[in-house]
Each structure stands twice: as C-alpha cells, then as structure tokens.
Amino acid sequence: MLSPARVALVAGAGILARIALAGALLAPLAAMAAPVAVTVANDTRPTRCAEEDNVTFTLSAPGVEQFRVEALQPAYVGTIRDNHFAPDFTGCDFSGRGNAADPHYTFTPRHKVLYQGRRTRIVGITLPSFWRPARVPVRVAGRADTGFHLIQIFRKTHGRFVEAMVLYPADGYWRIKPLPAPGLRDSGYGSSFLVGPIRNEGRPVVDIASIDITPAPLSLVLNFVHGGRAVAALEQIDSTRTALRFTLSPGSEGGGPFAMLRSMYVAPHNADVSEVRWRDGRNGVRRVEPLPAVTTLRATDVRFGRSVPSRHNTSAPDMRFSDFQAHR
C-alpha cells in the first residue's frame, strides 16, 4: 500500500501531467489568433440630405481573421415616444450623383419564403429594379435559388416574426438590428456595413459569388468573387442586441479594409450616427468624440452611435465592432 506522502506525490504528478497536456493542446490555438487593435478612419463628407450615406468609416488591420459586429439599442431607447421611420428628402439633390444617378437594371419581382422554422423565417426578395445586375446564387438549408436583392431574416418574438437582419447579395451590404425594445412595436434600421474585399463602383461594394445559409444555428457563408470567404455566425439575438461573429479566410480583405460602416449625419439631432466611442488601442482608455471631430484612431473596440434622440430613424441601433483577432 502506498504511503499518504507517496499518494500525494502520484496525484500531484497526474495533475501536472494533465496541465501540461492541456497546455500542449491549447498552445496551437493561442498561436493562431491574438487580440489586436485596428485602424479606424473617418472618410465622412458633409451633406444636408438625410437620405444620403455620407458617413464612411473603414476598419483596417493586417491578418484579421475574426471580429464581432453588434447592433445595440441606443442609450435613449427607453425615452422614445415618437418612433420616426419615414424618409426625409429635405435638402436632397441627387442630380449628377447619388441614388438618382445610379444605373437601373430591371427584374421580375419575387417574394419567396426560403425557410420557415419555429423561431426563424428567411425570405428572398427580388425588386423590380436594382442598381447592379449581379444575380448571386443563394442556398438555404440545402435548397438553391438565385437573383434576390434582399435576404431578410426574421426572428419570432412575443408570438410574431420580426425582421432583424437584411443582406443585399448584389452589393454586399448588411443591416442588423435588435428585436424591439419593451414598449416598441418595431425598431428601425440605420447604419449598414460591408465585410470582405471592398471595391468602389460609384459607392463601396463587396462582390459576392455565392451565399450558403444554415438556418439553425444561423450562419451565412459568403464566397467572394475576388477570392476568400467570410462566415457570419449568429451569437445573440434579443431585445438588447443582435450580434454576429465574422470569420475571414486569409486574404478576404483583398489587401484593403476588412470592414466598413456606412451611415448618415446631418446634425446630432438628424443622424443615424453622431458620435464615436472606442477603447484606445494604445492605452486601453475609453474615449468618446462627436463624429465630425474624429479623423483616424486605433481601437480594440469601437461603437458608432447616438446619445441625442434623432428625428431620423429614431430607434435605429448603435453599431459596435469588437473582439478583433488576427493570425500571429
């Protein structure tokens, strides 16, 4: 029979062996990715038109392989009484540029339920006209179709389906939002974003070759025309936030920004984003600045949002980009 001291020695050796084995297993994972700070650049230009995407923020860093995008309720959501959604074309002049100058390609309109589950509904929409001719193949739960301009994703809440996410296959734009906050029937979209190899074709776009959607648990695989792919996995969806985790294959950013926020700003009370909050990538200090005061910053997380209620898309969410990881 082993003495108590010998038993303790053997047990200790076993614990040390298990710790060493765990360390050996985790070491390759730790070497694969590490938290990083990204460069966020403000390319916003002034406008008087609330229907013009004049706000552009690019997010860049070499080798980024993962990050999170969240749509969060604005800080003032509990005070909303008049929830404005209607477009406001006051001060708009699209002559020679912008929406009125876009090409128009015609299509046969369609509305098709691509998936219907207990909690999730996925719908494809083909519009009568669109500014790009691309017809992107889409596979949902193994069933293929093509030619949709919008892929809408609905979530069931309080006995009804509410739209929480839209992807535009022909130009690569995303819009996401939380489920409605208590007291609101619905909430509006505001800012949009792009992920992948971003190109400029009159406006920023991402060219998608094909999309594969798994409804449960929800994930979307985007294969890009110019190489690489992105996987977007749903992490959370409720009345506080909708969160997607993006995983990029090497080279998916095409040598430029890996993501971009697009939005509008006329004034603090007439904007989809009016301020920027971030954690400084150099010293970890949290900072906040009005949108017009921001030029370029380094951040480990960044939130584009509003503290002052806006008369434009009042309930639209703040957008946060965080948890950036890159290959070492």
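The model is predicted, so to speak on its own terms: local features need pLDDT of at least 70, side-chain atom pairs count only at pLDDT 80 or more, and totals for chains, interfaces and linings use all residues. Residues are numbered from 1 along each chain as its sequence is written, and side-chain values use heavy atoms, with hydrogens and water left out.

Let's start with the cores. A nonpolar core is a set of buried Ala, Val, Leu, Ile, Met, Phe, Trp, Tyr and Cys residues joined through side-chain atoms within 4.5 Å; buried means under 20% relative accessible area (1.4 Å probe, protein chains only). The largest has 75 residues, and F67, W174, F258 and F321 touch the most other members. Strand β12 (residues 160-168) supplies the largest share, six residues. Strands here are DSSP runs of E, at least two residues, numbered from the N terminus. A second, separate core of five residues includes V77, I80, A181 and L184.

Now for strand β21 (residues 259-263), where five of five residues are buried. A259, L261 and S263 sit on one side, M260 and R262 on the other.

| Partner strand | Bridges to β21 | A bridged pair |
|---|---|---|
| β3 (residues 55-60) | five | T56 with R262 |
| β14 (residues 192-195) | four | V195 with A259 |

F321 is in contact (heavy atoms within 4.5 Å) with A259 and L261, among others beyond four places in sequence.

Notes: Buried < 20%, exposed > 50% of the residue type's maximum accessible area, 1.4 Å probe, protein only. Pairing = 2+ DSSP bridges.
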